[in-house]
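Me: I would like to learn how to read aromatic rings in a protein model. Could you walk me through it?

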Amino acid sequence: DDNPSTPALNVVYGSVHQPAFVNGAKTSVTESKTTWFDEIKINMPIDLHEKHHLLFTIISRDTKRGKKSGTKLGYVVLPILKNGKFNLQKENDLPIISELSENYLNLGSSGRRKNFIFNLRIVSSVYTMDPILNDFFYLEKFNIPIEKYV
């Protein structure tokens with residue numbers, strides 16, 4: 001759901017000392033090298049719809065001063081489906097938006113500061129990353145004759 005007050009789904013595999021599934025994960029990223037230090041696994045729902053998405057919250061931590069809290073820099077939204085097709089790509093370059101307002105999935109890049117660039121490694125026995133197979137499954141799902149598509 002794209003209402004900021006709606007809680008996230010518990011589909012992220014928990015780490016040590018956490019439940020099996022949680023609604024989020026934290027990792028560290030260095031701005032100069034953009035290096036991720038953790039692998040985050042997600043158990044995606046089988047029946048996806050257009051409002052399923054990954055939401056990243058970008059927080060700056062002041063490690064020099066030993067502060068435990070950070071400054072929220074913005075959010076990055078990655079829709080899982082786009083026009084009914086699987087939308088997760090290996091390489092992603094998405095705008096950082098400053099606020100999460102209601103219906104934020106349809107707002108585009110308003111309030112954009114700069115982009116968040118990251119890579120995904122999709123491993124799935126249910127969803128395909130092959131664009132041709134993705135199109136085929138899309139046609140099958142909605143009973144569209146292949147002749148009309150080609």
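Me: How many aromatic pairs does a search of the whole structure find?

Reply: A pair of aromatic rings is described by the distance of the centres and the angle of the planes. Rings of Phe, Tyr and Trp (its six-membered ring) pair if their centres lie within 6.5 Å; planes under 30 degrees apart are stacked, over 60 edge-to-face, and the rest tilted. Here the search finds four aromatic pairs. Take Tyr13 and Phe21: their ring centres are 4.8 Å apart and their planes stand at 50 degrees, so this pair is tilted. This is a predicted model, where local features need pLDDT of at least 70 and side-chain atom pairs count only at pLDDT 80 or more, while totals for chains, interfaces and linings use all residues. Residues are numbered from 1 along each chain as its sequence is written, and side-chain values use heavy atoms, leaving out hydrogens and water.

Me: What about the rings of Phe56 and Phe118?

Reply: Their centres lie 4.9 Å apart with planes at 50 degrees, so that pair is tilted. Phe56 sits in strand 3 (residues 53–61) and Phe118 in strand 8 (residues 112–119), so the pair ties together parts 62 residues apart in sequence. Strands are DSSP runs (E, at least two residues), numbered from the N terminus.

Conventions:
Helices (H or I, at least four residues) and strands (E, at least two) are DSSP runs, numbered from the N terminus.
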